[in-house]
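Have the viewer open as you read.

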Amino acid sequence: MILGDAAHGMSPAAGQGASLAIADALTTAAVLHPHTPESAFTTAIGRRRTATDQARTTTRRTTR
Ligand SMILES: Cc1cc2nc3c(=O)[nH]c(=O)nc-3n(C[C@H](O)[C@H](O)[C@H](O)COP(=O)(O)OP(=O)(O)OC[C@H]3O[C@@H](n4cnc5c(N)ncnc54)[C@H](O)[C@@H]3O)c2cc1C
């Protein structure tokens with residue numbers, strides 16, 4: 001599993017990369033348990049992907 005910049009490199013201009021990496025770690029820690037249903041894990045990862053995609057899109061738009 002990869003998290004943070006390795007998963008979603010972000011322009012430093014965003015000032016968001018560390019926050020996103022920490023949110024990745026907290027989300028993963030919350031669902032990374034043997035009793036977590038796979039669907040909950042998939043949902044959590046999907047939410048992180050949505051958040052990082054939005055941050056990347058916003059950054060691209062505002063820092064051109
Ligand atoms: C100039 C600048 C300003 C920034 N300002 C902000 C800001 O204001 N706010 C914000 O939220 N983010 C900011 N960021 C982004 C933020 O620094 C990164 O998004 C964040 O550090 C990513 O954390 P990470 O743990 O994913 O990766 P990293 O912090 O890069 O950590 C990866 C670690 O893995 C180590 N590593 C690499 N390869 C290996 C290997 N093979 N074996 C073992 N270890 C390895 C590296 O040495 C490093 O310590 C800024 C970035 C830059 C460059």
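What percentage of the 64 residues of the protein count as buried? The figure is 6%, and please keep in mind that this is a predicted model.

The secondary structure consists of two helices and zero strands. Along its principal axes, the C-alpha trace spans about 45 × 15 × 15 Å. Among contacts between residues at least 6 apart in sequence, 55% link residues that are at least 24 apart.

How do the two helices sit together? The axes of helix 1 (residues 17-31) and helix 2 come within 10 Å and cross at roughly 170°. Helix 1 is therefore roughly antiparallel to helix 2. By class, their contact has eight nonpolar, two polar and two charged residues. The residues that meet are listed here by helix:

| Helix | Residues in the contact |
|---|---|
| Helix 1 | Leu-20, Ala-23, Asp-24, Thr-27, Val-31 |
| Helix 2 | Ala-40, Phe-41, Ala-44, Arg-48, Ala-51, Thr-52, Ala-55 |

Finally, the ligand. Which residues surround it? The ligand is surrounded by Gly-4, Asp-5, Ala-6, Met-10, Pro-12, Gly-15, Gln-16, Gly-17, Ala-18, Ser-19 and Ala-21. This shell around the ligand divides into five nonpolar, five polar and one charged residue.

Terms used:
Residues are numbered from 1 along each chain as its sequence is written. This is a predicted model: local features need pLDDT of at least 70, side-chain atom pairs count only at pLDDT 80 or more; totals for chains, interfaces and linings use all residues. A residue is near a molecule or strand if its C-beta atom, placed from the backbone, lies within 6 Å of it. Ala, Val, Leu, Ile, Met, Phe, Trp, Tyr, Cys and Pro count as nonpolar, Asp, Glu, Lys and Arg as charged, and the others, Gly among them, as polar. Helices (H or I, at least four residues) and strands (E, at least two) are DSSP runs, numbered from the N terminus. A residue is buried if 20 or more other C-beta atoms lie within 10 Å of its own, exposed if 12 or fewer, and partly exposed in between; C-beta atoms are placed from the backbone. Two residues are in contact if their C-beta atoms, placed from the backbone, lie within 7 Å. Axes are lines fitted to C-alpha atoms, for helices over the stretch in contact, and angles run from 0 to 180 degrees between N-to-C directions. Angles under 35 degrees count as roughly parallel, over 145 as roughly antiparallel, 65 to 115 as roughly perpendicular and the rest as oblique.
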